[in-house]
Amino acid sequence: MPRLPLTVRPRSGGRRPPLARMRRYVTWSFVALAVFTTLVLLATLVAERASPWLLAASAAAGVLVTVHSFFWEGSPPVLLTAGGLVVSYGVWLAVPLGGHTTLLLFFFGLTVGYLTTTPPFASWRWAVVAVVAALVPVVVTGADEPARLVGLSLAVTIGLLSLYAICRLNRYGFDLYLEIDSARETQSELAVMRERYRFSADLHDIQGQALHVSRLQLQLADKTLDRDPVAARQHLREAEQLIVQTIAETRRLAYGERTLTLAGELANSTELIRAAGIVLDVTGRAPVGHPADDLFGHTVREATTNLLRHAQAEHVTIDLADDAVVVVNDGASTPIRGLSGLARLADRFAEVGGTLTTSHHEGVFRTEARAPRSRSAE
């Protein structure tokens, strides 16, 4: 077979991709059609006691059309194209000149159908040219017999256009299948990219917060090392525990075992904020069984990371409601830039019909996340 324009690789286990199976099915369907029709025509010519020369020419035309069937998707070799046209047209001349079966038009018609549906001759105009070329000997030999002229002309026109339509519809259907396959590939790639994006966001949430808090603990240990060695060692132990916990969280994330909840993140953020010497008030009650529980947990984690990294807060408030979580800190003296984590979270909230907004006013930075009880978008 010719080298196909769209490369596909067999899947594991030897099973070919759908596109390869579709291409093979179409190819062998055309081959089977050519072989079957050639055998039928040869049998018909034998029954008509046709000359050995016509039998040989018909067999040669059948072989050329069969080989041409392997090239239905692309341009065949020039010699195959020229030989197929000449031999099949010569076989067709036996109909108006010798009165043989009009089925001999099949070789010429299928060759024309292949050529007029593949570049550089992919145009209905070439099909019209082929119809005119096939009608010329009919008109020349049948001028004295109007009834035979009309009947044979209709047979030629309908036969050639029908074979052209078969090849053209097959081409159209296969092109649609190529578009569907391309869309499926794109969808698969997007799914992989979304999963990588989610993984990188989770990894940023885990390690970003841990690194900033560990840095804070090490700074505290450095400041208290001379005047309070016991407190310094405590800060070092807390940093070590945080690093160990982060390693375990990263491992669970890598193996798909990590689950994030609002309650867990509230407990973790409470410990971290208070360990940094910041006053924390938690008001309200966390929503129980909320479909967006994981997103609320991400919000608390990301807000905690940002206030420890960017702000100089003295007081933090986490306000909980049935469908919302609000985190407020008073340490944002200047507008905070580069909060990409919250921007990603806002997109995820939008996907479930919720919102995540931030505001900065007179040194107070507010993060508010809301989501309805029903995640209709999923």
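**Helix H11**

I started with helix H11, residues 340-351: its 12 residues reach 17 Å from first C-alpha to last, close to the 16 Å expected at 1.5 Å a residue. The expected span is 1.5 Å times one less than the number of residues. Helices (H or I, at least four residues) and strands (E, at least two) are DSSP runs, numbered from the N terminus.

I noted what I was working with: this is a predicted model, where local features need pLDDT of at least 70, side-chain atom pairs count only at pLDDT 80 or more, and totals for chains, interfaces and linings use all residues. Residues are numbered from 1 along each chain as its sequence is written, and side-chain values use heavy atoms, with hydrogens and water left out.

Which residues of H11 are buried? I found Gly341, Leu342, Arg344, Leu345 and Phe349. They cover an arc of only 155 degrees around the axis, which puts them on the same side of H11. The arc is that of the directions from the helix axis to the C-beta atoms. Buried means under 20% relative accessible area, exposed over 50%, and partly exposed in between (1.4 Å probe, protein chains only).

I then turned to the face of H11 away from its buried side, and found the exposed residues Ala350 and Glu351 there. After H11 comes Gly353, with a positive phi near 80 degrees.

**Aromatic pairs**

I set the rule before listing pairs. Rings of Phe, Tyr and Trp (its six-membered ring) pair if their centres lie within 6.5 Å; planes under 30 degrees apart count as stacked, over 60 as edge-to-face and the rest as tilted. By this rule I count 8 aromatic pairs.

I looked up Tyr89 and Phe108, which form an edge-to-face pair, 5.3 Å centre to centre with 65 degrees between the planes. The pair links distant parts of the chain: Tyr89 sits in helix H3 (residues 78-92) and Phe108 in helix H5 (residues 105-115), 19 residues apart. How accessible is Tyr89? I read a relative accessible area of 23%, so Tyr89 is partly exposed. Phe108 counts as buried at 5%.

Next I took Phe296 and Phe349, a tilted pair at 5.8 Å centre to centre and 50 degrees between the planes. Phe296 belongs to helix H10 (residues 293-310) and Phe349 to H11, so the pair ties together parts that are 53 residues apart in sequence. Phe296 is buried at 0% relative accessibility. Phe349 is buried too, with a relative accessible area of 0%.

I also noted one aromatic cluster, formed by Phe30, Trp72, Tyr114 and Phe174.

I checked the length of H10. Its 18 residues should span 26 Å at 1.5 Å a residue, and the end C-alpha atoms are 26 Å apart, which agrees. Of the 18 residues, 15 are buried, so H10 is largely enclosed by the rest of the structure.

I found Ala263 in helix H9 (residues 262-275). Ala263 is exposed at 53% relative accessibility. How far apart are Ala263 and Asp293 in sequence and in space? They are 30 residues apart in sequence and 8.7 Å apart C-alpha to C-alpha.

**Packing against H5**

I looked at helix H1 (residues 18-47) against H5: they pack at about 165 degrees, with axes 11 Å apart. Axes are lines fitted to C-alpha atoms, for helices over the stretch in contact, and angles run from 0 to 180 degrees between N-to-C directions. H1 and H5 are therefore roughly antiparallel. Angles under 35 degrees count as roughly parallel, over 145 as roughly antiparallel, 65 to 115 as roughly perpendicular and the rest as oblique.

Helix H2 (residues 52-69) crosses H5 at roughly 25 degrees, and their axes come within 10 Å. H2 and H5 are therefore roughly parallel.

I checked the span of H1 as well: 30 residues, 43 Å from first C-alpha to last, close to the 44 Å expected.

I found Arg49 in the loop between H1 and H2. Arg49 has a positive phi near 55 degrees, in a residue other than glycine. Arg49 is exposed, with a relative accessible area of 76%.

Glu362 is not a glycine either, yet has a positive phi of about 50 degrees. I placed Glu362 in the loop between strand E4 (355-361) and strand E5 (364-370). Glu362 counts as exposed at 71%.

Is the peptide bond from Pro119 to Pro120 cis or trans? I read it as cis, with omega near 5 degrees. Pro120 lies in the loop between H5 and helix H6 (124-141).
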